[in-house]
Amino acid sequence: MNYLDINHNFLALEDEYSNPEKSDIFILSAPLEKTVSYGRGTAEGPKAILDASHYVEFFDEETGREICFEKGICALEPLKLNNMSVEKGIEKIYMSSMQILENEKFLVTLGGEHSLTLAPFRAYNEKFDNLSILQIDAHSDLRDSYDDSKYSHASVMARIAEFTDNIVQVGIRAQCREEYDFIQKNGISTYYARFIRNGDYGVNWEGRVVDNLTENVYITFDIDGFDPSVVPATGTPEPGGLFWDETLGLLKRVGRERNIVGFDIVELAPSKYHSASNFIAAKLLYKMLNFAFINEVNKGE
């Protein structure tokens, strides 16, 4: 696989810390955009995140580490998905994900629309036992189909639910009746943003979320899980979302108490009116990497 150089990769890392041979972490850019239903631009998300990451600090004060130098982070050249159907695009992402996992690398996938999550999670589900998926999102994405597509971004979790019942959702605040009924019928652990904010889950809501997760956890982070005041540059912003500190607190706890095996960040739609959204997504990626490996050293809180 070809990889990006210092001018285009994650964190502007020199080749010593970003080539495939010396990197334990791989970043796969999957600019899939086929079924978006409101705002557009998610295909530009991966590049915007990588470009903005050049201004993220290497040092993480919570863990006391510069994990980019410890692990090495290789950003691969983006997949070419423009001329493919959503189904073929997902299959190509799946094959690339499998290749990376077979080489024992930690995979981060950047989107692109949320439908792509089916691909890396399917690969991880075939590799790991006792795997659950933590979905940070404004939307349930549990419609059986949307706009005549069963592979719509609004249906990705319905497809994932066809081969796992270990789904935990956090930040939900927009869904149709079909999705609500699906959650009730199938016992999906869904934590609504308003109920988190109102204290309905108690002060230890993070603990309740983690208790519902299995030993190994894959995280899919739809950037619209954040409140639009944090990240407005997304296709379907929903008010009343999660804020930075509470979200990072949850992710840190997941890292401490479970094994984060991989994750994706999707649905950033870069806007010239809010370039800070790109930086926040890049910062989120680096924080999630630090939390994924947080138990390797006894540093930080």
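Leaving aside neighbours within four places in sequence, Ser-97 is in contact with Leu-28, Leu-107, Pro-120 and Ala-123. This residue belongs to a predicted model, in which Ser-97 is found in helix H3, the run of residues 86-102. Ser-97 counts as buried, because its relative accessibility is 0%.

- Ser-29 is found in strand E1, which covers residues 25-30, and with a relative accessibility of 1% Ser-29 counts as buried.
- When residues up to four places away in sequence are not counted, Ser-29 touches Pro-46, Leu-50, Pro-78, Leu-79 and Leu-110.

**Helices H1 and H10**

- Two packed helices are described by the angle between their axes and the distance between the axes.
- Helix H1, made of residues 45-52, and helix H10, made of residues 276-292, have axes that come within 8 Å and cross at roughly 75°.
- Angles of 65 to 115 degrees count as roughly perpendicular, and H1 and H10 are therefore described as roughly perpendicular to each other.
- On the H1 side the contact is made by Ala-48, Ile-49 and Ala-52, while on the H10 side Asn-278, Phe-279, Ala-281, Ala-282 and Leu-285 take part.
- Sorted by class, the residues in the contact of H1 with H10 are 7 nonpolar and 1 polar, with no charged residues.

**Aromatic pairs and a cluster**

- The structure holds 14 aromatic pairs, and one of them joins Tyr-124 and Tyr-218 in a tilted arrangement, with 5.3 Å centre to centre and 45° between the planes.
- Because Tyr-124 lies in helix H4 (residues 118-127) and Tyr-218 in strand E7 (residues 216-222), this pair ties together parts that are 94 residues apart in sequence.
- Both partners are shielded by the burial criterion of under 20% relative accessible area, since Tyr-124 has a value of 1% and Tyr-218 a value of 0%.
- Another aromatic pair is formed by Phe-221 and Phe-226, which is also tilted, with 5.1 Å centre to centre and 45° between the planes.
- Phe-221 is buried, and Phe-226 is buried as well.
- Tyr-124 and Tyr-218 also belong to one aromatic cluster, which they form together with Phe-121, Phe-128 and Phe-163.

**Cysteines**

- The structure holds 0 disulfides.
- For Cys-68, the closest cysteine sulfur is that of Cys-74, and the 14 Å between the two sulfurs is too far for a bond, given that a disulfide requires sulfur atoms within 2.5 Å.
- Cys-68 is buried, with a relative accessible area of 0%.

**An exposed position in a loop**

- Val-203 has its place in the loop between helix H7 (193-198) and helix H8 (205-211).
- Val-203 is exposed, because its relative accessible area of 84% is over the 50% cut-off for that class.
- Val-203 and Ser-145 are 58 residues apart in sequence, and their C-alpha atoms are 36 Å apart in space.

How values were computed: Residues are numbered from 1 along each chain as its sequence is written. This is a predicted model: local features need pLDDT of at least 70, side-chain atom pairs count only at pLDDT 80 or more; totals for chains, interfaces and linings use all residues. Side-chain values use heavy atoms; hydrogens and water are left out. Buried means under 20% relative accessible area, exposed over 50%, partly exposed in between (1.4 Å probe, protein chains only). Axes are lines fitted to C-alpha atoms, for helices over the stretch in contact, and angles run from 0 to 180 degrees between N-to-C directions. Helices (H or I, at least four residues) and strands (E, at least two) are DSSP runs, numbered from the N terminus. Angles under 35 degrees count as roughly parallel, over 145 as roughly antiparallel, 65 to 115 as roughly perpendicular and the rest as oblique. Contact means heavy atoms within 4.5 Å. Ala, Val, Leu, Ile, Met, Phe, Trp, Tyr, Cys and Pro count as nonpolar, Asp, Glu, Lys and Arg as charged, and the others, Gly among them, as polar. Rings of Phe, Tyr and Trp (its six-membered ring) pair if their centres lie within 6.5 Å; planes under 30 degrees apart count as stacked, over 60 as edge-to-face and the rest as tilted.
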